[in-house]
Amino acid sequence: MTTLMAPLLDINFPNKETMDKLVLTATAAALLSGSKGLLAMDESTATCNKRFAALGIPQTEQFRRDWRELIATTPGLGEYISGAILYDETLYQNGKDGTPVLQTIINAGIIPGIKVDAGAKPLAGFPGEKITEGLDGLRERLNGYYKMGLRFAKWRAVIAIGNGIPTAACIEANADALARYAALCQEAGLVPVVEPEVLMEGTHELQVCFRVTERMMRAVFTRLYLQGVLLEGIIIKPNMVNPGLTCPVQNTIEEVADATVQCLLQSVPAAVAGIAFLSGGQSGELATAHLNAMHIRYRSKLPWPLTFSFARAIQQPAMGIWQGQEKNKRAAQQALLHRAGCDAAARSGEYTAAMEKA
Ligand code: 13P
């Protein structure tokens, strides 16, 4: 007699596929744990040099190393930062005492991640729009990064708002690249941080940013589904829903918080491991205040952890203090830790403006 019942005990459980999923989910959970967030310190050489140039800091490999070492050696950083997104150059740099910067980050209890896209390039046939490159050879690069100890990765797509843009061509091409990148990351055991950034440049109102962000997010999740990406093993890194930088109407903190959460509730499935915002050119204080307001107003209604993955909003004040000079290092580290601490407080809705004066 044949039985149609499945055996009670599956001797192949847990199989490799199940274990791989558990590992991805656990990594994502660790990155989103407690009140911590991510620190993006993955500026490409060109972007890092641009930030240095604005402050009169020499644009050399040594100064980029010194800056990243300053961040990595900030005492107590691991209290607020769960993961740091690095740039490839940093992986091969040692601090002044010879310790690899990557090792210093791991020793601080911070999970190391890596930017793996090759940058946003002009989208052929669509002036003013960009497509992020870097899929060729990505599988091999991801396997190499995993062996070096990296456990998550980041890919940034940029969507500009303007006259007639974004086009469907730009949205679909970037969503497709994000999904293919995410699938490759998960195959390699790395948690993909999926970053579809709607830029703040422009005169558009908040509602326009809302519509474009929602449209992009829906396109991304359609593609993630098509590529079989495990939602519990990804982190979404979106922009906050803001009016354009030169829009005559600048909204209140509460309006931005409401628009951002409502947009994401409409478009990001509850199964996603978590959301970690980019700062996108907002000041450190404003980015913190927005995150804080989201938690105060939506605390019990959020289906996913909501945290930060800021670059400029954490680094910029500290870089301005450092100015490339060793004598300013300690004060710069204090400024960095201060911003990270304020952002961690915002995750619990416990940030207050008074903390800025303390
Ligand atoms: P900002 O926080 O400066 O926008 O940078 C975040 C980031 O990782 C951009 O890719």
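A: The model is predicted. The buried residues of α2 are Cys-48, Asn-49, Arg-51 and Phe-52. Viewed down the axis of α2, these buried residues stay within an arc of 160 degrees, so they line one face of the helix. In general, an α-helix has 3.6 residues a turn, so residues three or four places apart point the same way. On the face of α2 turned away from the buried side are the exposed residues Ala-46, Lys-50 and Ala-54. The cover over the buried residues of α2 includes α3 (61–72) and α11.

The aromatic rings come next. The structure has five aromatic pairs. One of them joins Phe-52 and Trp-322, with 6.0 Å centre to centre and 55 degrees between the planes, a tilted arrangement. This pair links distant parts of the chain, since Phe-52 lies in α2 (residues 45–55) and Trp-322 in α11 (residues 312–322), 270 residues apart. Both Phe-52 and Trp-322 are buried. Ring pairs also link Phe-52 and Trp-322 with Phe-63 and Trp-67 into a cluster.

For another ring pair, take Phe-308 and Phe-310: the centres are 5.7 Å apart and the planes at 35 degrees, so the pair is tilted. Phe-308 counts as buried because its relative accessibility is 0%, and Phe-310 counts as buried because its relative accessibility is 0%. A ring can also have a charge over it: the charged end of Arg-151 sits over the ring of Tyr-146, 3.8 Å from its centre.

Note on methods
Residues are numbered from 1 along each chain as its sequence is written. This is a predicted model: local features need pLDDT of at least 70, side-chain atom pairs count only at pLDDT 80 or more; totals for chains, interfaces and linings use all residues. Side-chain values use heavy atoms; hydrogens and water are left out. Rings of Phe, Tyr and Trp (its six-membered ring) pair if their centres lie within 6.5 Å; planes under 30 degrees apart count as stacked, over 60 as edge-to-face and the rest as tilted. Helices (H or I, at least four residues) and strands (E, at least two) are DSSP runs, numbered from the N terminus. Buried means under 20% relative accessible area, exposed over 50%, partly exposed in between (1.4 Å probe, protein chains only). A charge sits over a ring if NZ of Lys or CZ of Arg is within 6 Å of the ring centre and within 35 degrees of the ring normal. The arc is that of the directions from the helix axis to the C-beta atoms. Contact means heavy atoms within 4.5 Å.
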